[in-house]
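This report covers a pocket, a sheet, and the packing of selected helices and residues.

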Amino acid sequence: MKVSFVIPALNEEGVVGSTIKSIPIDEIRNANYDVEIIVVNNNSTDNTAQEASDAGARVVLEKNRGYGNAYKRGFSEAEGDIIIMGDADGTYPLDQSMLFINTINEDKYDFVIGSRFKGTIEKGAMPALHQYIGNPMLTKMLNILFGSDYSDTHCGMRAFTKESLEKMELKADGMEFAIEMVIEAKEKNLNIKEIPISYRKRGGGEAKLSSFDDGYRHIKYMLTRRFSE
């Protein structure tokens, strides 16, 4: 079996290399998996692509910026039976990837998502507005609208089988992609598991989220999708 890591990166020079190197390649290979690491350079203007390549990743270019655009390109390149996604900024514990892999392969889950709220959030890793208002509110809203039971719909560390990816109809180009995926996982009746994780402060670079603009887009996406179906 093969595991594909897909990591979108927009101007993450200075941290993308260490993020890639945190992936426990030897541990995964010792468990009899092949490994590939794909970094999607989302039209960066710095040295992100070269740093990622030097760290051992295969770098592909997606000129159309956007969280969804980057992931859709990366997924189209992935050859793995299991796909793991995570940000390039060092916030997610990619060193714990075997837990996600085992949950899929041994415990027979289709879709595994981390939960920062069931785990730990390092001081300063998440703005208070997001931690205490934004993320809990959006998660509760999604659960009510779509009958799900997530504790952290916006956690960016996720793993799923190739078959599950093919079932999910992922179309969003921007940050709405994050909630589109969890809605699709629910609506396609995937076997879903949340895993508590540790969320860390960014290793460098600037955050790409815009609190109010992205929050509005997520709310609009959920309401439009729910009441236009």
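Which residues line the second largest pocket? The lining consists of Lys118, Ser148, Asp149, Tyr150, Ala185, Lys186, Leu190, Ile192, Lys193 and Glu194. The model is predicted: local features need pLDDT of at least 70 and side-chain atom pairs count only at pLDDT 80 or more, while totals for chains, interfaces and linings use all residues. Residues are numbered from 1 along each chain as its sequence is written, and side-chain values use heavy atoms, with hydrogens and water left out.

A pocket is an open set of points on a 1 Å grid over the protein atoms alone, where a 1.4 Å probe fits and protein lies on both sides within 12 Å along at least five of seven lines; lining residues have an atom within 4 Å of a point. The second largest pocket has a volume of about 160 Å³, volume being the space filled by probe spheres set on the points. Its lining divides into four nonpolar, one polar and five charged residues. Here Ala, Val, Leu, Ile, Met, Phe, Trp, Tyr, Cys and Pro count as nonpolar, Asp, Glu, Lys and Arg as charged, and the others as polar. Helix 8 (177-187) and strand 7 (192-199) each supply at least two lining residues, and the largest share, three residues, comes from strand 7. Helices (H or I, at least four residues) and strands (E, at least two) are DSSP runs numbered from the N terminus.

Two strands pair if DSSP finds at least two bridges between them.

| Strands | Bridges and direction | Residues standing opposite |
|---|---|---|
| strand 1 (2-9) and strand 4 | four, parallel | Serine 4 and isoleucine 83 |
| strand 4 (82-85) and strand 6 | four, antiparallel | Isoleucine 82 and threonine 161 |
| strand 5 (111-121) and strand 6 | three, antiparallel | Isoleucine 113 and arginine 158 |

Both faces of strand 6 (residues 158-161) are covered, with Arg158 and Phe160 buried on one side and Ala159 and Thr161 buried on the other. Buried means under 20% relative accessible area, with a 1.4 Å probe and protein chains only.

The buried residues of helix 4 are Tyr67, Gly68, Asn69, Ala70, Tyr71, Gly74 and Phe75. These residues pack against strand 1, strand 2, strand 4, strand 6, helix 7 (162-167) and helix 8. Contact means heavy atoms within 4.5 Å.

Methionine 181 lies in helix 8 and counts as buried at 0% relative accessibility. Leaving aside neighbours within four places in sequence, methionine 181 is in contact with Phe75, Met85, Phe111, Arg158, Phe160, Met168 and Leu170. The C-alpha atoms of methionine 181 and isoleucine 195 are separated by 17 Å, and the two residues are 14 apart along the chain.

Asparagine 135 is found in helix 6 (residues 128-146). At 9% relative accessibility, asparagine 135 counts as buried. Not counting residues up to four places away in sequence, asparagine 135 touches Arg116, Phe117, Met126, His130 and His154.

Terms used
Buried < 20%, exposed > 50% of the residue type's maximum accessible area, 1.4 Å probe, protein only.
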